[in-house]
Amino acid sequence: VARAAAADDEAKSEGEPERAKGPSTNQMLVFVPPHPLINHWLAIARNAMTPPSIFRSTLGELGRLLIYEAARDWLPTFSAEVEGPVGTATVEMVDPNQPIAVVPILRAGLVLLEEAKTVLPVTNTYHLGFARDEETLEAKMYLNKLPSQFPEGQRVLISDPMLATGGTIVKAIDECVSRGAKVSDIRVVCVVTCPPALTVLSDKYPGLRVYAAMIDEELNDAGYIIPGLGDAGDRAFGTE
């Protein structure tokens, strides 16, 4: 797993011209944006005293900020000219003919996407539902609204607040790949993850990019991230 910072200053040899250097496609990259607003909303989400309505809006805000980071160099664009009040301007716009396929993992993945429309101009939403067996910790799918086939080059954004054991997100990615999506075109947005999930993803999906507010250290025996957020779905919807 390679952890990428928001800003990467590459040392240059003397006399060598500066050149753009993109991330390697041979390894998974994990982005933890060093943004004070992300840290602020994460602190509120971690607080056990945060009521469901505030917890839900907090995850929506974290989703908006993380999706903004995930979309930074990813959205399809085109150049055009527009007539401004005092002259013609050359502009760059997001291509409305290439919507992003957003895939929330139910339930809690929905919450991360509540503010997505303020960041992504054009999207199609496809739901995946998984329930975790509390004894085996295995994820079992109960809903699949993915298309039978994604078009060539389809960009896919998968949202799930917690990547703990990695079982659910692996099944979600496999479902997308089986329908024609390429791993290099998939980005995962989560609030908190931890080494077990990242190890599984890194071994299986070179080229994947994961965007998280924080990487926590460990899982407990029940498969929850420590310190994590608890059960994000129950906390967001006020259920047990």
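Ala 71 sits in the loop that runs between helix H2 (52-70) and strand S3 (77-83), helices (H or I, at least four residues) and strands (E, at least two) being DSSP runs numbered from the N terminus. The model is a predicted one, with local features needing pLDDT of at least 70 and side-chain atom pairs counting only at pLDDT 80 or more, while totals for chains, interfaces and linings use all residues. Residues are numbered from 1 along each chain as its sequence is written, and side-chain values use heavy atoms, with hydrogens and water left out.

With a relative accessible area of 9%, Ala 71 is buried (under 20% relative accessible area; exposed is over 50%, partly exposed in between; 1.4 Å probe, protein chains only). Ala 71 and Arg 187 are 116 residues apart in sequence, yet their C-alpha atoms are 9.1 Å apart in space.

On to the rings: there are 2 aromatic pairs, counting Phe, Tyr and Trp (its six-membered ring) with centres within 6.5 Å, where planes under 30 degrees apart are stacked, over 60 edge-to-face and the rest tilted. Phe 31 and Tyr 211 are stacked, at 4.7 Å centre to centre and 5 degrees between the planes. Phe 31 belongs to strand S2 (residues 29-31) and Tyr 211 to strand S12 (residues 209-215), so this pair ties together parts 180 residues apart in sequence. Phe 31 is buried at 12%, and Tyr 211 is buried at 2%. Tyr 126 and Phe 150 have ring centres 5.9 Å apart and planes at 85 degrees, so they pair edge-to-face.

As for cysteines, the structure holds 0 disulfides (pairs of cysteine sulfur atoms within 2.5 Å). For Cys 194, the nearest cysteine sulfur, that of Cys 190, is 9.5 Å away.
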